[in-house]
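Let's go through this one together, one "how do you know" at a time. Have the sequence and the 3D view open as we talk.

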Amino acid sequence: MATLTDKRMGKVTTTITVTNRIDQILAERGFIPAHQVRSITLENVLVDTVASRLCLPENIIMDLGLVFQEQVDVKIAVGVQKVRVFREISLTVEGREGTFNCIELSVG
């Protein structure tokens, strides 16, 4: 997994793997087989170095079967917008892994 930086525009992209953490726990405890753990590897993902949360599009959230946690207000360039937060994602980037929540990315 290499991180690429386009110095002309300050654009940073990388490869990430996003996994349903609840599925991982169920597999670790023997409740489901490992091949049923929902996980997606995404390439050329744009890195926003000032973002405070991971944002994923609705189709990926649904494919991973993530659990809705809450709806919150966020400040964006055009004002305040309500967004949905989903929980228990295992995120792997550059060989490092952590557990996070994510925001559903609006496309419209």
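Q: What share of the 108 residues of the chain counts as buried?

A: Here 32% of them count as buried, where buried means under 20% relative accessible area, exposed means over 50%, and partly exposed lies in between, using a 1.4 Å probe and protein chains only. This is a predicted model, in which local features need pLDDT of at least 70 and side-chain atom pairs count only at pLDDT 80 or more, while totals for chains, interfaces and linings use all residues. Residues are numbered from 1 along each chain as its sequence is written, and side-chain values use heavy atoms, with hydrogens and water left out.

Q: How do you know how many helices and strands the chain has?

A: Helices (H or I, at least four residues) and strands (E, at least two) are DSSP runs, numbered from the N terminus. On that basis there are two helices and seven strands, and along the sequence they follow the pattern β-β-α-β-β-α-β-β-β.

Q: Why is S90 called buried?

A: Its relative accessibility is 1%, and the cut-off for buried is under 20%, so S90 counts as buried. S90 is found in strand β6.

Q: What makes the pair S90 and E97 a polar contact?

A: A polar contact is a pair of N or O atoms within 3.5 Å; within protein, one must be able to donate a hydrogen and the other to accept it, and residues adjacent in sequence count only if both atoms are side-chain atoms. The side chains of S90 and E97 make such a contact at 2.6 Å. Contact in general means heavy atoms within 4.5 Å, and, not counting residues up to four places away in sequence, S90 touches T17, V18, T19, R21, Q24, E97 and G98.

Q: Is D23 buried or exposed, and why?

A: D23 has a relative accessible area of 4%, so it is buried. D23 sits in helix α1 (residues 21–28). Leaving aside neighbours within four places in sequence, D23 is in contact with I32, Q36, V37 and R38.

Q: What makes the phi of E88 worth a look?

A: Most residues other than glycine have a negative phi. E88 is not a glycine, yet its phi is positive, about 65°. E88 lies in strand β6, and its 24% relative accessibility makes it partly exposed.

Q: Where does E94 lie, and why is E94 called partly exposed?

A: E94 lies in the loop between β6 and β7. Its relative accessible area is 38%, so E94 is partly exposed. Its phi is near 55°, a positive value in a residue other than glycine.

Q: Which residue classes make up the lining of the largest pocket?

A: The lining has 17 nonpolar, three polar and three charged residues. Ala, Val, Leu, Ile, Met, Phe, Trp, Tyr, Cys and Pro count as nonpolar, Asp, Glu, Lys and Arg as charged, and the others, Gly among them, as polar. The largest share of the lining, four residues, comes from β4.
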